Amino acid sequence: MFEARSIAAGSKPEFYRELAGQLEALLMGESDPIANAANTSALLFQMMPDLNWAGFYIMRSGELVLGPFQGKPACVRIPVGRGVCGAAVAQRKSMLVEDVHAFPGHIACDAASRSELVVPLIGRDSVIGVIDLDSPSPARFDADDQAGIERIAAIWLAACGEGVKAALARAS
Ligand code: SME
């Protein structure tokens, strides 16, 4: 049984080093992308303070489709280029949004959300999805959070292996 250990880190980089270690242990020996996305969402939501949503959107037939997550029920399909998630795919880069109300086209799945961090999952040759985090606090996320979640995305991609895109396509 995996038991998430509470993290008493003094700084955000320390927090994310510890979180990354726990995620590596949690995903070790498992390559199923959906199972790994489910456990990654659960770990993020349990361990990170001040979140109201943590989860995955997966690219299917050219649009983002809701994947495993923790939080309130969310919108299912997001076209590339729409909202914060679609922007992360279109621009192939992480989106750090201090105030979602000021982001043109932000898609409000939970009215409580005030800030957001979206990190694209970039496979061998294309974006295969995103990790999306929402917070009820304005400016909850900073560059340390972005670097930390980019490391979390890399661990998920490595655990799922080179076949992740094919595995997701088979599941669609
Ligand atoms: N706010 C996102 C939509 C997904 S929910 O936050 C879970 C966006 O603008 O793309």
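## The disulfide

The structure holds one disulfide, a pair of cysteine sulfur atoms within 2.5 Å. A disulfide is a covalent bond between the sulfur atoms of two cysteines. Here the partners are Cys-75 and Cys-109, with sulfur atoms 2.5 Å apart. The pair links distant parts of the chain, 34 residues apart. Cys-75 sits in the loop between β2 (63-71) and β3 (77-79). Cys-109 sits in the loop between β4 (95-97) and β5 (115-122). Strands are DSSP runs (E, at least two residues), numbered from the N terminus.

Cys-75 is partly exposed at 23% relative accessible area. Cys-109 is partly exposed too, at 32%. Buried means under 20% relative accessible area, exposed over 50%, and partly exposed in between (1.4 Å probe, protein chains only).

## The model

This is a predicted model: local features need pLDDT of at least 70, side-chain atom pairs count only at pLDDT 80 or more, and totals for chains, interfaces and linings use all residues. Residues are numbered from 1 along each chain as its sequence is written, and side-chain values use heavy atoms, leaving out hydrogens and water.

Cys-85 is buried, at 4% relative accessibility. Its closest cysteine sulfur, in Cys-109, is 7.6 Å away, too far for a bond. Cys-160 is in no disulfide, and its nearest cysteine sulfur, that of Cys-85, is 18 Å away. Cys-160 is buried, at 8%.

## Ser-135

Ser-135 belongs to strand β6 (residues 127-135). Ser-135 is buried, with a relative accessible area of 0%. A polar atom of its side chain lies 2.8 Å from the backbone oxygen of Asp-50.

How values were computed
Helices (H or I, at least four residues) and strands (E, at least two) are DSSP runs, numbered from the N terminus. A polar contact is a pair of N or O atoms within 3.5 Å; within protein, one must be able to donate a hydrogen and the other to accept it, and residues adjacent in sequence count only if both atoms are side-chain atoms.
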